[in-house]
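Student: Could you go through this structure with me, please? I would like to ask things as they come up.

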Amino acid sequence: GGAAGQQEGGFNLAAIIQLLPVLFLVFFTLVGNSPSEPVYSLQMKGHYTTRKTTSMKEIDYYVKNNNKFEREYPHGTYARRRVDIAVEKDYRQYLENECWRERLRKGQSGGRSVKMHACTQLRDIWG
């Protein structure tokens with residue numbers, strides 16, 4: 001009885017050791033394509049220091065590595081246009097949320113003057 005159990009344990013360990021390279025490959029592939037590393041940021045922060053501007057609405061955004069960004073998303077390509085569209089969509093959503101907050105503050109202020117920067121920007125850019 002006991003010897004067969006030990007042999008089974010040894011076999012499982014060997015199988016796991018043989019699978020390790022495959023597991024590492026899967027792990028590093030997932031980490032390499034991690035969605036936690038966005039292509040751009042709407043704010044200059046951390047490694048996002050190179051300013052870019054969208055071609056349609058001229059919205060500023062920031063990228064980490066300018067050379068890599070220009071290589072992967074060259075100006076005038078479909079890939080770059082997709083980034084521009086995503087930036088503008090994110091920025092519009094950000095302004096809509098901020099404008100909603102400004103309206104709430106204005107409603108709660110009892111008629112006092114409240115700055116409506118996001119609402120004004122939203123109207124100026126998107127009409």
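Student: Is phenylalanine 69 buried or exposed?

Tutor: This is a predicted model, and in it phenylalanine 69 has a relative accessible area of 4%, so it is buried, given that buried means under 20%.

Student: And tyrosine 61, buried or exposed?

Tutor: Tyrosine 61 is buried too, because its relative accessible area is 0%.

Student: How many aromatic pairs are there?

Tutor: The count comes to four aromatic pairs. One of them joins tyrosine 61 and phenylalanine 69, whose ring centres are 6.3 Å apart and whose planes meet at 65°, so this pair is edge-to-face.

Student: Which residues form the aromatic cluster?

Tutor: One aromatic cluster is made up of Tyr40, Tyr61, Phe69 and Tyr73.

Student: Changing topic, where is glutamate 70, and what does it touch?

Tutor: Glutamate 70 sits in helix 2, which covers residues 66-72, and with a relative accessibility of 28% it counts as partly exposed. Once residues up to four places away in sequence are set aside, glutamate 70 touches Lys52, His75 and Arg80.

Student: What kind of contact does its side chain make with arginine 80?

Tutor: The side chains of glutamate 70 and arginine 80 make a polar contact at 3.3 Å. These two residues are ten apart along the chain, and their C-alpha atoms are separated by 8.8 Å.

Student: What about glutamate 88, is that one buried or exposed?

Tutor: Glutamate 88, which is placed in helix 3, is buried and yet has no salt bridge. The nearest side chain of opposite charge belongs to lysine 57, and it is 6.1 Å away, whereas a salt bridge needs the charged atoms within 4 Å.

Student: Which residues is glutamate 88 in contact with, then?

Tutor: Leaving out neighbours within four places in sequence, glutamate 88 is in contact with Thr54, Met56, Lys57, Glu58, Ile59 and Trp126.

Student: Last topic: how many disulfides does the structure hold?

Tutor: The structure holds one disulfide, formed by cysteine 99 and cysteine 119, with their sulfur atoms 2.0 Å apart. The link between cysteine 99 and cysteine 119 is right-handed, with 105° about the S-S bond.

Student: What does the pair tie together?

Tutor: Cysteine 99 belongs to helix 3 (residues 78-108) and cysteine 119 to helix 4 (residues 117-126), so the pair ties together parts that lie 20 residues apart in sequence.

Student: Are those cysteines buried or exposed?

Tutor: Cysteine 99 is buried, at a relative accessible area of 1%, and cysteine 119 counts as buried at 8% relative accessibility.

Note on methods:
Residues are numbered from 1 along each chain as its sequence is written. This is a predicted model: local features need pLDDT of at least 70, side-chain atom pairs count only at pLDDT 80 or more; totals for chains, interfaces and linings use all residues. Side-chain values use heavy atoms; hydrogens and water are left out. A disulfide is a pair of cysteine sulfur atoms within 2.5 Å. Helices (H or I, at least four residues) and strands (E, at least two) are DSSP runs, numbered from the N terminus. Buried means under 20% relative accessible area, exposed over 50%, partly exposed in between (1.4 Å probe, protein chains only). Lys and Arg count as positive and Asp and Glu as negative; His and the chain ends are not counted. Contact means heavy atoms within 4.5 Å. A polar contact is a pair of N or O atoms within 3.5 Å; within protein, one must be able to donate a hydrogen and the other to accept it, and residues adjacent in sequence count only if both atoms are side-chain atoms. Rings of Phe, Tyr and Trp (its six-membered ring) pair if their centres lie within 6.5 Å; planes under 30 degrees apart count as stacked, over 60 as edge-to-face and the rest as tilted.
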